[in-house]
Amino acid sequence: MSDADNAVLLLVRVVVGLVMIMHGLNHWRGGGRIEGTARWFTGLGLRQGVLQAWMSVLTEVGAGILLVLGLLTPPACAAVISVMLVAGLLAHRPNGFFVFKDGYEYVLTLAVVALALAVLGPGHWSLDHAAGIDLTGWTGGAIALGAAVVATGGLLGTFWRPEPKAEPTPEPEPEPAAETVAADNTPEQVDQEAR
């Protein structure tokens, strides 16, 4: 692997890792803090919103740190993919593709980049390389994608209980306007129209 390849992998790892760290810290210390994040998760249909908020903080910050260090890269990528799958399915999918409409464009991109990192590996400038951990190629990708799908399915199966959508109440039919009987109508015509 060339120095250019290693530099690119380091750049991608560090950027995705820092994005995840900042995202996790924002869930913890941002505008609504843990309470606001918990309300948001509850609004998405996830039970135990406070637990979900803390788990997202720990998962995002932990995965981000591992990616920056290049340590346990496939499991770190699995965590990123899983977080993005949950966000994409619950929060962004109903809004369509484009991020400017709060769609899934952004989370899809992060998930695919994380999968690519799991396949390509962290490069030589990583703790995985220093420790001799070589889970790359199809093995790294399978670990990342498989663990992400299992984790996402487990989380949704255990905690996702969306509120049923309220059935819209039908508008009452307007009362038909009383028809006036024309002066030239015979009693038989009026009786026939009434039937």
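**Close-up views of helix packing in a predicted model**

**View 1. Surroundings of Ser56.** Not counting residues up to four places away in sequence, Ser56 touches His27, Thr37 and Phe41; contact means heavy atoms within 4.5 Å. Ser56 is found in helix α3, where helices (H or I, at least four residues) and strands (E, at least two) are DSSP runs numbered from the N terminus. Ser56 counts as buried because its relative accessibility is 8% (buried is under 20% relative accessible area, exposed over 50%, partly exposed in between, with a 1.4 Å probe and protein chains only). The model is predicted, so local features need pLDDT of at least 70 and side-chain atom pairs count only at pLDDT 80 or more, while totals for chains, interfaces and linings use all residues. Residues are numbered from 1 along each chain as its sequence is written, and side-chain values use heavy atoms, with hydrogens and water left out.

**View 2. Packing of α4 against α5.** The axes of α4 and α5 cross at roughly 160° and come within 8 Å (axes are lines fitted to C-alpha atoms, for helices over the stretch in contact, and angles run from 0 to 180 degrees between N-to-C directions). α4 is therefore roughly antiparallel to α5 (under 35 degrees is roughly parallel, over 145 roughly antiparallel, 65 to 115 roughly perpendicular and the rest oblique). Residues making the contact include Cys77, Ile81 and Met84 of α4 and Leu110, Ala114 and Leu117 of α5. By class, the contact of α4 with α5 has 13 nonpolar, 3 polar and no charged residues (Ala, Val, Leu, Ile, Met, Phe, Trp, Tyr, Cys and Pro count as nonpolar, Asp, Glu, Lys and Arg as charged, and the others, Gly among them, as polar).

**View 3. Packing of α1 against α5.** Helix α1 (residues 3-29) packs with helix α5 (residues 105-120) at an angle of about 135°, their axes 11 Å apart. The two helices, α1 and α5, are therefore oblique to each other. On α1 the contact is made by Leu9, Val12, Arg13, Val16 and Val19, and on α5 by Tyr106, Leu110, Val113, Leu117 and Leu120. The contact of α1 with α5 divides into 9 nonpolar, no polar and 1 charged residues.

**View 4. Helix α7 and its cover.** Helix α7 (residues 137-159) has 23 residues and should span 33 Å at 1.5 Å a residue, which agrees with the 33 Å between its end C-alpha atoms (the expected span is 1.5 Å times one less than the number of residues). The buried residues of α7 are Gly140, Gly141, Ala144, Ala148, Thr152, Leu156 and Phe159. Their cover includes α3 (49-69), α4 (73-92) and α5.
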